[in-house]
Amino acid sequence: MDHQSVITPWDLECMLCDEAAEPKALPLSLLKRITHDFSDEQAIGRGGFAVVYKGMLENRTVAVKRMSNTYMYEKEFQREVECLMIAKHKNVVRFLGYCADTQGNMARYEGKFVMADVQQRLLCFEYLPKGSLHEYITGKIMWHPNYLFSS
Ligand SMILES: Nc1ncnc2c1ncn2[C@@H]1O[C@H](COP(=O)(O)OP(=O)(O)OP(=O)(O)O)[C@@H](O)[C@H]1O
């Protein structure tokens with residue numbers, strides 16, 4: 001059995017509590033499970049190359065970034081993982097792990113069956129609950145020293 005497949009939501013929760021835990025290769029099945037199969041209800045944001053989802057653990061939440069156009073940005077993905085593995089700082093969101101999954105899927109193409117590679121590239125971070133800087137700048141979220149509220 002693939003050793004990655006034994007990582008559970010509980011393991012991820014333990015990693016969040018352990019500052020010294022190193023980022024890990026995470027199985028796609030785990031990231032699917034905690035984001036409810038990347039459901040729209042779990043989506044929290046969208047960047048230029050990815051959609052970000054809330055990943056629900058028993059007592060904690062993580063952010064799961066699912067890259068789009070994975071074939072075009074394979075090198076960038078690898079470079080991002082490389083940088084994130086090194087970047088450890090209190091002002092940088094904590095990186096928990098990555099998933100680089102490729103599965104062969106039989107599909108019909110011009111009347112024949114062909115094996116197509118389906119790639120999934122994901123990153124998993126600590127979840128930051130107070131919205132994005134962009135939302136503060138554009139006034140979607142009003143800032144107050146004691147609490148935050150949406151306009
Ligand atoms: N760790 C996180 N916790 C909470 N929300 C997050 C987290 N990471 C991203 N988000 C949300 O998802 C949105 C998109 O994130 P993403 O990193 O893809 O954006 P970006 O920085 O604009 O990306 P890029 O420059 O790579 O296109 C953010 O604006 C934020 O609202």
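Predicted model: local features only at pLDDT ≥ 70, side-chain atom pairs only at ≥ 80, totals over all residues.
In which sense do strand β1 and β5 pair, and over how many bridges? I looked this up before anything else. Strand β1 (residues 24-25) goes with β5 in the parallel sense, and two bridges hold the pairing. I then checked Ala-25, whose bridge partner in β5 is Tyr-98.

Mean pLDDT for the chain comes out at 88, with 89% of its residues at 70 or more. Helix α2 has the highest confidence, at 97, and strand β8 (residues 149-150) the lowest, at a mean of 52.

On to β5 and β6. I found them running antiparallel, joined by 14 bridges. Ala-100 sits opposite Arg-121 of β6. Their hairpin has two residues between the strands, and Glu-110 there shows a positive phi near 50 degrees.

Then I went through the core. The largest nonpolar core counts 22 residues, and among those with the most contacts inside it are Leu-26, Leu-31, Val-62, Leu-96 and Cys-124. I traced where the core comes from: α1 (9-17), α2 (28-34), β3 (50-56), β4 (61-67), β5 (95-109) and β6 (112-126) each give at least two residues.

Last, I picked Val-62 and asked which residues it touches. Leaving out residues up to four places away in sequence, I get Leu-12, Gly-55, Leu-57, Leu-96, Cys-124, Phe-125, Glu-126 and Tyr-127. Leu-96 and Cys-124 also turn up in my core entry, as does Val-62 itself.

Note on methods
Residues numbered from 1 in each chain as written. Core = buried A, V, L, I, M, F, W, Y, C linked by C-beta atoms within 7 Å. Buried ≥ 20, exposed ≤ 12 C-beta atoms within 10 Å, placed from the backbone. Helix = DSSP H or I, 4+ residues; strand = E, 2+ residues; numbered from the N terminus. Contact = placed C-beta atoms within 7 Å. pLDDT = per-residue confidence, 0-100. Pairing = 2+ DSSP bridges.
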